[in-house]
Amino acid sequence: HVSSIREEGARAMAARGAAFFNAHHSALQQWFTNVDKDRTGRVSPTELQSALGMGGLSFSLKLVSSLVRMHDESNTGRLDFTEFCAMQAFLTKLQGAFQSSGHGAEQLNLQQVQQAERVLGFALDMQPDGAFYKMVQSYDFSGRGLIELDSFIAMNIQLRNAQKVFNLFDPRRTGRVTLDFNQLVWTIAQL
């Protein structure tokens, strides 16, 4: 009986997630309006966390704040509706890469994660102690070499933010930067 309740809960969560990923403009507008509690026309990280939760995505406030920084073109610390739609499109792209690489599975193995990252434009170092394996290890909470959708999304938010910050230090796009300690700390704080 308990397992059937859990399965029903998981199916309901997946349905809400599908609704968020497949939402059209009018549904996104309604979602946005519902979570913009202070009626400013912008959603805060806390409000966005609520919106994502309604969509079946349960993320920490730190991760949601990173997601806001990634899409906050106006540097207000909040997302307007256009930025909210861009964020939803980004999450939908991640979900699509996850689904196609995993052929609809609920988890990706390391090879499938690598394939999804290539589709998303990342070709990380594949050495045993390289960037790819270290990144995946930090999101493989079971230690079984499997990544679930929420972890995959979180990992890619961190990768996109790292890329954005790296590019600030590499304006000529040489692929190399030199940072002092303060710049490193600032960089980490942006992730």
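**Group meeting: a helical chain from a predicted model**

The backbone oxygen of Ser-66 lies 3.1 Å from a polar atom of the Asn-161 side chain. I count that as a polar contact, meaning a pair of N or O atoms within 3.5 Å, where within protein one atom must be able to donate a hydrogen and the other to accept it, and residues adjacent in sequence count only if both atoms are side-chain atoms.

The model is predicted, so local features need pLDDT of at least 70 and side-chain atom pairs count only at pLDDT 80 or more, while totals for chains, interfaces and linings use all residues. Residues are numbered from 1 along each chain as its sequence is written, and side-chain values use heavy atoms, with hydrogens and water left out.

Staying with Asn-161: this residue is in helix α8. Helices (H or I, at least four residues) and strands (E, at least two) are DSSP runs, numbered from the N terminus. Asn-161 is buried, at 2% relative accessibility. Buried means under 20% relative accessible area, exposed over 50%, and partly exposed in between, with a 1.4 Å probe and protein chains only. Neighbours within four places in sequence aside, Asn-161 is in contact with Ser-66, Met-70, Gln-190 and Leu-191; contact means heavy atoms within 4.5 Å.

Now the chain as a whole. There are nine helices and four strands, in the order α-α-β-α-α-β-α-β-α-α-β-α-α from the N terminus. Of the 191 residues, 39% are buried. Among contacts with a separation of 6 or more, 54% are between residues 24 or more positions apart.

On confidence, the mean pLDDT is 86, and 88% of the residues reach 70 or more. pLDDT is the predictor's confidence in each residue, from 0 to 100. The exception I would point to is residues 2-16, where pLDDT stays under 50 and the model has six contacts beyond four places in sequence. Where pLDDT is low, the predicted coordinates should not be read in detail.

Next, the core. The largest nonpolar core has 43 residues, and those with the most contacts inside it are Leu-48, Leu-52, Leu-67, Phe-84, Leu-91 and Phe-152. At least two residues of this core come from each of α2 (25-35), α3 (45-54), α4 (61-71), α5, α6 (110-119), α7 (131-139) and α8. The largest share, nine residues, is from α5. By nonpolar core I mean a set of buried Ala, Val, Leu, Ile, Met, Phe, Trp, Tyr and Cys residues joined through side-chain atoms within 4.5 Å. Taking Leu-48 as one example, its contacts beyond four places in sequence are Val-43, Val-64, Leu-67, Val-68, Leu-79, Phe-84 and Met-87.

How far apart are the end C-alpha atoms of α5? They are 31 Å apart; the 22 residues, 81-102, should span 32 Å at 1.5 Å a residue, so the two values agree. The expected span is 1.5 Å times one less than the number of residues. At the N-terminal end, Asp-80 is the cap, with a side-chain oxygen 3.1 Å from the backbone nitrogen of Thr-82. After the helix comes His-103, with a positive phi near 50°.

Glu-83, in α5, is buried at 6% relative accessible area. Outside four places in sequence, Glu-83 is in contact with Arg-42, His-71, Asp-72, Glu-73, Ser-74 and Arg-78. Glu-47, in α3, is buried at 10%. The Glu-47 side chain reaches the backbone nitrogen of Lys-37 at 3.0 Å, and the residue's contacts beyond four places include Arg-42 and Arg-78.

Last, the loops. Asp-170 sits between α8 (149-169) and α9 (181-190). Is Asp-170 buried or exposed? Buried, at 3% relative accessible area. Its side chain reaches the backbone nitrogen of Thr-174 at 2.8 Å, and beyond four places Asp-170 touches Gly-175, Arg-176 and Val-177. Arg-173 is in the loop between α8 and α9 and has a positive phi near 55°. Most residues other than glycine have a negative phi. Asn-75, in the loop between α4 and β2 (79-80), also has a positive phi, about 55°. Asn-75 is exposed, at 70% relative accessibility.
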